[in-house]
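Have a go at each task before you read its solution.

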Amino acid sequence: MYNTFGVKANSLYFEDADTLSELINILKNPLYQNVDKFILGGGSNVLFTQDFNGLVIKISLKGINVEKEDENNVYVKAYAGEIWDDLVSYSVEKGYGGFENLSGIPGLVGATPIQNIGAYGSEIKSSFESLEAININTGETRFFNLDECKFGYRDSVFKNELKNQYVVVSVLYKLSKKPIINLSYKALKDYFDLIKNNNPTILDVRNAVIKIRSEKLPDTIKFGTAGSFFKNAIISKDKFEILQKNYPDVPFFLEENEKYKIPTGWLIEKAGFKGQRYGNCGVYEKQALVLINFGGATGLEVFEFSKLIQDKVKSIFDIDIEREVVVI
Ligand code: EPU
């Protein structure tokens, strides 16, 4: 089972690419020319609701190396099949700053730019330099710089205009040799205030993030889960004012262009779903943004439950919540 939700699904064809030439050979194989393709990384952000009638390519390209460095920065290239948190651990150990707030996120390097992974006040776009990708249809190589990736909140060009067109093979990150500690996320700041550490290192930040995550997010060994199932909601000022009038305690973050980000976990909790079970799946009792498979849930069951949650949130708050996971 190559998905952390732990649901069963088959594909017509399956290939594992360990090297760039293997990947190109798979893409150029005549057998697969007119077949739908799905690129699988760590399977930590996907929900299979049915069998996939095409080719699944698992990306297993490995390698981490320093490409260049100067007085202030180091440019680290990592191949798509590396485990993301191994790269974070490597960088923190070397004293390179930039990744520490993104500690403990499941999945592989190749997925990090696709959804601009983010947590605890940081997003991958801040450490991103460029990436190398292969066109799924032509097998040609293309490099993308920061602007070309069009990063947004859990978003990039690879989820929009270029959806299903490129396979990321490696990512070049720019890390800092003089790390700046980022405690902008309240939970993180509170953590260091509590232990009276007002000068944390990047290793302290990594350890704190891992600790906070373990308290809020389910143990992926015990439960099937894809982490946050939904994105946080971005709403207009008008909508926010109405919401705040009805719910003065609503948490929010002011975004660009007078938009407001509302934690969807809060909306789902207020809608009464936190800790609720639906067949073999449910909403995690400590973090309502997370759906879990208690064992034996089908992808369809999880999907139906997520629709029920969306409908109820819409009827109570008049807010559309979007799934973060990719649904097949
Ligand atoms: N909240 C509730 N009830 C809940 C959950 C959250 O009221 O059950 C409210 C609280 O006000 C809380 C606020 O939501 O203060 C924020 O909660 P939290 O710090 O847990 O973060 P989040 O916004 O729910 C996002 C990411 C997480 C990431 C955390 C920490 C998304 C979709 N999710 O969650 O990412 O770890 O911030 O930065 O943006 C993931 O993508 O899989 C993931 C876990």
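**Exercise 1. Find the residues that surround the ligand and list the closest ones.**

Solution. Step two: count them, and you get 23 residues around the ligand, the closest being Tyr120, Tyr153, Arg154, Tyr185 and Glu269.

A word on the ground rules: this is a predicted model, in which local features need pLDDT of at least 70 and side-chain atom pairs count only at pLDDT 80 or more, while totals for chains, interfaces and linings use all residues. Residues are numbered from 1 along each chain as its sequence is written, and side-chain values use heavy atoms, with hydrogens and water left out.

**Exercise 2. Sort the shell around the ligand by residue class, then by where its residues come from.**

Solution. Step one: assign the classes. Ala, Val, Leu, Ile, Met, Phe, Trp, Tyr, Cys and Pro count as nonpolar, Asp, Glu, Lys and Arg as charged, and the others, Gly among them, as polar. The shell then splits into 11 nonpolar, five polar and seven charged residues.

At least two shell residues come from each of α6 (202-216), β12 (224-228) and α8 (264-270). The largest share, three residues, belongs to α8.

Step three: move up to domains, whose bounds come from an automatic or database domain assignment. Domain 2 (64-176) and domain 3 (224-327) each give at least three residues to the shell.

**Exercise 3. Which side chains have an N or O atom 2.7 Å or 2.8 Å from an oxygen atom of the ligand, and which has one 2.6 Å from a nitrogen atom of the ligand?**

Solution. Step one: search for polar contacts, meaning pairs of N or O atoms within 3.5 Å; within protein, one must be able to donate a hydrogen and the other to accept it, and residues adjacent in sequence count only if both atoms are side-chain atoms.

Step two: start with the ligand oxygens. The side chain of Tyr153 has an N or O atom 2.7 Å from a ligand oxygen, and for the side chain of Asn232 the distance to a ligand oxygen is 2.8 Å.

Step three: turn to nitrogen. A ligand nitrogen sits 2.6 Å from an N or O atom in the side chain of Glu269.

Step four: work out the cover. With the Shrake-Rupley method and a 1.4 Å probe, the ligand taken alone exposes 810 Å², and the protein buries 82% of that.

**Exercise 4. Is Asp85 buried or exposed, and which side chain does it contact?**

Solution. Step one: locate Asp85, which lies in helix α2 (residues 84-94). Step two: apply the cut-offs: buried means under 20% relative accessible area, exposed over 50%, and partly exposed in between (1.4 Å probe, protein chains only). Asp85 has a value of 18%, so it is buried.

Step three: follow the side chain to its partner. Asp85 and Arg206 are joined by a side-chain polar contact of 2.9 Å. Arg206 lies in helix α6, and its relative accessible area of 10% makes it buried as well.

**Exercise 5. Describe the setting of Glu161.**

Solution. Step one: Glu161 is in the loop between α4 and β11. Step two: its relative accessible area is 45%, so Glu161 is partly exposed. Step three: its side chain makes a polar contact of 2.6 Å with the side chain of Lys150.

**Exercise 6. How many disulfides does a search of the whole structure find?**

Solution. Step one: look for pairs of cysteine sulfur atoms within 2.5 Å, the definition of a disulfide. Step two: the search returns zero.

Terms used:
A residue is near a molecule or strand if one of its heavy atoms lies within 4 Å of it. Helices (H or I, at least four residues) and strands (E, at least two) are DSSP runs, numbered from the N terminus.
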